[in-house]
Amino acid sequence: MMKARTNKSDVYTYARPSINSIVVHHYTESGVELTIYPSVKGWYELRPVDTDGVMNTEFVQVSDVDY
């Protein structure tokens with residue numbers, strides 16, 4: 001688990017590690033802090049918890065975040 005920040009505006013997270021997958025979130029500002037986990041090559045996994053306490057899984061491209 002690591003903390004990272006989006007490095008540009010217009011960063012998308014996806015339901016699967018593919019840009020052809022469903023878009024889950026669209027971050028319009030750079031510098032948004034994310035908690036990332038290692039995943040498949042070129043992608044990080046996000047595990048946000050929604051308001052009901054359910055943990056979801058999203059993926060963000062490695063090139064869209066900085067440490």
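Before you click, some ground rules: residues are numbered from 1 along each chain as its sequence is written, and side-chain values use heavy atoms, leaving out hydrogens and water. Because the model is predicted, local features need pLDDT of at least 70 and side-chain atom pairs count only at pLDDT 80 or more, while totals for chains, interfaces and linings use all residues.

**Whole chain.** Start with a cartoon view. You will find seven strands and zero helices (DSSP runs numbered from the N terminus: E of at least two residues for strands, H or I of at least four for helices). The C-alpha trace spans about 30 × 25 × 20 Å along its principal axes. For 67 residues, a compact globule would have a radius of gyration near 11 Å, and the protein agrees with its 11 Å (taken over C-alpha atoms; the rule is 2.2 Å times the number of residues to the power 0.38).

**Strand S1.** Now select residues 2-6, which form strand S1. S1 runs antiparallel to S4, joined by four bridges (strands pair if DSSP finds at least two bridges between them). Pick Lys3 and you can look across to Thr35, its bridge partner in S4. S1 also pairs with strand S7, residues 65-66, in the antiparallel sense over two bridges; here Arg5 stands opposite Asp66.

**Met2.** Leaving aside neighbours within four places in sequence, Met2 is in contact with Leu34, Thr35, Ile36, Tyr44 and Tyr67 (contact means heavy atoms within 4.5 Å).

**The core.** Next, select Ala4, Val11, Tyr27, Leu34, Ile36, Tyr44, Leu46, Val60 and Val65, the nine residues of the largest nonpolar core (buried Ala, Val, Leu, Ile, Met, Phe, Trp, Tyr and Cys residues joined through side-chain atoms within 4.5 Å). Strands S4 (33-38) and S5 (43-46) are the elements that give two or more residues to this core. In soluble globular proteins, nonpolar side chains tend to be buried together.

**Val11.** Finish on this core member. Not counting residues up to four places away in sequence, Val11 touches Thr6, His25, His26, Tyr27, Val60 and Asp64.

Key:
Buried < 20%, exposed > 50% of the residue type's maximum accessible area, 1.4 Å probe, protein only.
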